[in-house]
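Subject: Structure for your review

Hello,

Please find the structure below.

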Amino acid sequence: MLPFLSAGMSSEDFVRGMLYLSLIVVGIPGNVAVIVAFLFLIYEKNMLLTADAIVLQLACANLLVVVVRCLLETLASFRLANVFGDVGCKSVIFIYRFSRALSVWLTFLLSAYQCLSISTPGSRWASVCVMVAQNLPFVFLFLWVLNTSLSVGALAFSISSNNGSSLPKSAVNTQFCYVNFPSELSKKVYGAAQVSRDVVPMVFMILTSLIILVFLYKHSQHVKGLSSGCSTSGGGCAAKQRAAKVVVALVTIYVVLYGVDNGLWVYTLTVRQTISSSLISDLRVFFASLYAALSPLVIIVSNRKVNSRLRCATQEKPLLGKTARLSSL
């Protein structure tokens, strides 16, 4: 019936593999499309706006999440390849946790910048927006260093589950690896730090999204212009509205999916013994990676720059084919 099951594969591994495969099918093409669209934009205009640069970084981080964790988990689940030795576990979990955390903070940066960009021209918040745009490379560098430092625990505690050792006492079971902590206290401290890393930007994202929603509501009540900037340039205000709606959509998806992820993580921390099944960890990784797979779809559908570049790229292919046939004649 099922070729994977007939090869000695358990139904649990098959379901896990299919779930991760669904994320790969959506996440890799989606994030690659966003990256390619912005690379075309850089080639055409030799620059990127601040919000576009943040979205490009976000797509790169999301692609890293899907490729490093979902693809390798799929290959291992289907018995096609297994890189999860001790070194492989340390590398995969470290890169996954780094890229996942970077995706979280880039989403927060995008929402914060969009919130600042709709502030009244000449105000203090508008000057902060300009300052962020001028120092964006340093902001990116800070986020890379921050999330790298917060993810080094994966290098210290991750071991393979295939080395024949018994189930560790204070560990997190991720099926092919264990995150083995020295003690129950260190597990709780490390876990609390990970939760804080997600919850802090989540709170600020909710706050910025509420501000953006208030802006959209006021603009709908006063169509002729929320501020002097919008009243003098209707196209610019319309672009801000579209960008604001995209940010709110991304934050909503993030809060729902990462809320489930962190809820499951907190449950894991409350269990004194290592859970023999990897089901909880698999669900956590799935919901966290689902954001990395869905967010590029939101960007492609709602971002006109990305949409137009991809449309142009798809239209150029048949034109190139017709030109080649005509030249051969």
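The lining of the second largest cavity takes its largest share, three residues, from β2. This is a predicted model, in which local features need pLDDT of at least 70 and side-chain atom pairs count only at pLDDT 80 or more, while totals for chains, interfaces and linings use all residues. Residues are numbered from 1 along each chain as its sequence is written, and side-chain values use heavy atoms, with hydrogens and water left out.

Helices (H or I, at least four residues) and strands (E, at least two) are DSSP runs numbered from the N terminus. A cavity is a set of points, on a 1 Å grid over the protein atoms alone, where a 1.4 Å probe fits but cannot get out; a pocket is an open set with protein on both sides within 12 Å along at least five of seven lines; lining residues have an atom within 4 Å of a point. Grid points are joined across faces, edges and corners, and a volume is the space filled by probe spheres set on the points.

Cavities

By this rule there are four cavities of 30 Å³ or more. The second largest cavity has a volume of about 50 Å³. Its lining consists of Ala171, Val172, Asn173, Thr268, Thr274, Ile275, Ser277, Ser278, Ile280 and Ser281. At least two of the lining residues come from each of β2 (171-173) and α11. By class, the lining of the second largest cavity has four nonpolar, six polar and no charged residues; here Ala, Val, Leu, Ile, Met, Phe, Trp, Tyr, Cys and Pro count as nonpolar, Asp, Glu, Lys and Arg as charged, and the others, Gly among them, as polar.

The largest cavity holds about 150 Å³ of space. It is lined by 15 residues, of which Arg97, Val172, Thr174, Val179 and Arg284 are the closest to its centre. Two or more lining residues come from each of α4, α10 (234-270) and α11. The largest share, four residues, is from α4. The lining of the largest cavity divides into eight nonpolar, two polar and five charged residues.

A pocket

The second largest pocket contains about 160 Å³ of space. Ala112, Cys115, Leu116, Ser119, Thr120, Trp125, Thr208 and Ile211 line this pocket. Five of the lining residues are nonpolar, three are polar and none is charged.

Helix packing

Axes are lines fitted to C-alpha atoms, for helices over the stretch in contact, and angles run from 0 to 180 degrees between N-to-C directions. Angles under 35 degrees count as roughly parallel, over 145 as roughly antiparallel, 65 to 115 as roughly perpendicular and the rest as oblique. A crossing is left-handed if the near helix is turned anticlockwise from the far one by less than a right angle, and right-handed if clockwise. Contact means heavy atoms within 4.5 Å.

The axes of helix α4 (residues 86-117) and helix α5 (residues 124-134) come within 8 Å and cross at roughly 135 degrees. The two helices are therefore oblique to each other, and the crossing is left-handed. On the α4 side, Tyr113, Leu116 and Ser117 meet Trp125, Val128, Cys129, Val132 and Ala133 of α5. The contact of α4 with α5 comprises seven nonpolar, one polar and no charged residues.

Helix α3 (residues 50-77) packs with helix α11 (residues 279-302) at an angle of about 140 degrees, the axes being 9 Å apart. α3 and α11 are therefore oblique as well. Their crossing is left-handed. Val55, Leu58, Asn62, Val65, Val66, Arg69 and Cys70 in α3 meet Val285, Ser289, Tyr291, Ala292, Ser295 and Ile299 in α11. That contact has nine nonpolar, three polar and one charged residues.

α3 also packs with helix α6 (residues 136-149), at about 25 degrees and with the axes 11 Å apart. That makes α3 roughly parallel to α6. α3 passes α6 in a right-handed crossing. Thr50, Ala53, Ile54 and Gln57 in α3 are in contact with Leu136, Phe140 and Trp144 in α6.

Regards
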